[in-house]
Amino acid sequence: MKLKLSQQNMKDIVELSERNFDAQVLNAASPVLVDFWAPWCGPCKMQLPILEAVAGRMSGQAVVAKVNVDDAPNLAGRYGITSIPTLLLFKGGKVARQFVGLQMESALVAALEATK
Amino acid sequence: MTMSDTCDMPLQNATPDEVQTILATAKTIAVVGLSDKPDRDSYRVAAYLQQRGYRIVPINPNLSEVLGEKVYGSLRDVREPVDIVDIFRKPQTVPGLVEEAIAIGAKAVWMQNGIVHNAAADKARGAGLKVVMSRCIMVEHRRLSSSVP
């Protein structure tokens with residue numbers, strides 16, 4: 001049951017690339033929380049299950065997405081990402097909030113609630 | 001000691017063309033922190049590079065021979081030209097290794113996945129070395145294998 005729930009939540013995190021970023025984030029109707037991460041980054045791995053929980057709680061109200069900075073260096077450069085995880089909260093195509101470092105579920109949900 | 005909750009990103013990295021040139025022109029690669037355990041990344045990467053024709057110079061103060069090559073305690077002990085210094089050590093060791101890489105006339109410093117030190121990278125570039133950060137040299141070589149040795 002636990003595994004099933006986890007897999008369900010995994011689907012709620014949208015994988016972004018340099019190709020689909022603008023369409024999925026900048027043109028999105030709802031707020032989008034984007035996690036800039038890398039597979040070699042320990043804190044990023046700790047952030048992922050927290051994001052899955054956030055995605056589950058905010059389902060239908062906001063989009064939670066992630067960008068692997070190794071695969072998308074131009075996006076990381078565009079947003080001046082110097083350390084990861086960095087989370088950007090987009091609303092109407094603009095960055096509304098920025099979080100650097102590992103973030104708690106409650107802080108992210110509160111930010112998304114405030115941005116709706 | 002508390003774990004940092006962020007990882008540094010490379011502020012400037014070698015371009016794909018520079019990576020290709022580094023790999024295509026290198027003959028000798030010093031592998032810093034090479035393990036003698038076949039399941040470790042450093043061993044797998046060094047074995048791959050050796051199979052692809054590069055000369056491997058292992059650097060590890062605790063070993064004497066790996067992959068049929070004599071192991072040196074530090075880069076400064078190496079008495080042959082080194083093209084690439086490939087680093088498998090923690091980021092905080094990078095500044096000292098960059099100093100040594102410059103001292104022995106290496107042409108490039110390569111930091112493996114997750115290893116980033118922007119200040120040391122600046123120093124290396126200032127001394128004329130190419131710098132690759134947070135990339136696996138084996139992955140990059142495989143990706144470019146049609147155009148490099």
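Q: How many bridges join strand 2 of chain B to strand 6 of chain B, and do they run parallel or antiparallel?

A: In this predicted model, strand 2 of chain B is joined to strand 6 of chain B by four bridges, and the two run parallel.

Q: What is the strand order of the open sheet in chain B, and which are the edge strands?

A: The open sheet has five strands in the order 3-2-6-7-8, with parallel pairing. Strand 3 and strand 8 (130-132) of chain B are the edge strands, and each pairs on one side only. From one strand to the next, the twist averages 20 degrees. Further along the sheet, strand 6 and strand 7 of chain B pair in the parallel sense over four bridges. In that pairing D86(B) stands opposite W110(B) of strand 7.

Q: Which helix packs on this sheet, and what direction does it take?

A: Helix 3 of chain B packs on the sheet and touches strand 2, strand 6 (84-87) and strand 7 (108-111) of chain B. Its direction makes about 165 degrees with that of strand 6 of chain B.

Q: Which residues touch the most other members of the largest nonpolar core?

A: The general idea is that nonpolar side chains tend to be buried together in soluble globular proteins. Here the largest nonpolar core has 77 residues, and those touching the most other members are V34(A), I84(A), A30(B), V85(B), I87(B) and V109(B). Strand 2 (residues 32-37) of chain A gives the largest share of this core, five residues.

Q: How do helix 3 and helix 4 of chain B pack, and why are they called roughly parallel?

A: Helix 3 (residues 94-103) and helix 4 (residues 118-126) of chain B pack at an angle of about 10 degrees, with their axes 9 Å apart. Angles under 35 degrees count as roughly parallel, and therefore helix 3 and helix 4 of chain B are roughly parallel to each other. The contact has seven nonpolar, no polar and one charged residues. From helix 3, V94(B), P95(B), V98(B), A101(B) and I102(B) meet A120(B), K123(B) and A124(B) of helix 4.

Q: What is the sheet in chain A like?

A: Chain A has an open sheet of five strands in the order 1-3-2-5-6, with mixed pairing. Its edge strands are strand 1 (13-16) and strand 6 (94-100) of chain A, each pairing on one side only. The twist averages 25 degrees from one strand to the next. Strand 2 and strand 5 (residues 86-91) of chain A pair in the antiparallel sense over five bridges, and V32(A) has F90(A) as its bridge partner in strand 5.

Q: Which strands of chain A do helix 3 and helix 5 of chain A lie across?

A: Helix 3 of chain A lies across strand 1, strand 2 and strand 3 (63-68) of chain A, at about 165 degrees to strand 2. Helix 5 (residues 105-115) of chain A lies across strand 2, strand 5 and strand 6 of chain A, at about 15 degrees to strand 5.

Q: How many residues of chain A are in contact with chain B, and what joins strand 4 of chain A to strand 1 of chain B?

A: The size of an interface is often given as the accessible area lost when the parts come together. Counted by contacts instead, 13 residues of chain A touch nine residues of chain B. Helix 3 (42-57) and strand 4 (83-84) of chain A each supply at least two residues of the chain A side. That side has ten nonpolar, three polar and no charged residues. Two bridges join strand 4 of chain A to strand 1 (residues 7-8) of chain B, and these strands run antiparallel. S83(A) has D8(B) as its bridge partner.

Q: Where is L63(B), and why does L63(B) count as partly exposed?

A: L63(B) is in the loop between strand 3 (55-59) and strand 4 (65-66) of chain B. L63(B) counts as partly exposed because it has 15 C-beta neighbours inside 10 Å, while buried would take 20 or more. Not counting residues up to four places away in sequence, L63(B) touches D36(B), P58(B) and V71(B).

Key: Residues numbered from 1 in each chain as written. Chains lettered and ligands numbered in written order. Predicted model: local features only at pLDDT ≥ 70, side-chain atom pairs only at ≥ 80, totals over all residues. Buried ≥ 20, exposed ≤ 12 C-beta atoms within 10 Å, placed from the backbone. Contact = placed C-beta atoms within 7 Å. Axes fitted to C-alpha atoms, helices over the stretch in contact; angles between N-to-C directions. Parallel < 35°, antiparallel > 145°, perpendicular 65-115°, else oblique. Nonpolar A, V, L, I, M, F, W, Y, C, P; charged D, E, K, R; others polar. Pairing = 2+ DSSP bridges. Core = buried A, V, L, I, M, F, W, Y, C linked by C-beta atoms within 7 Å.
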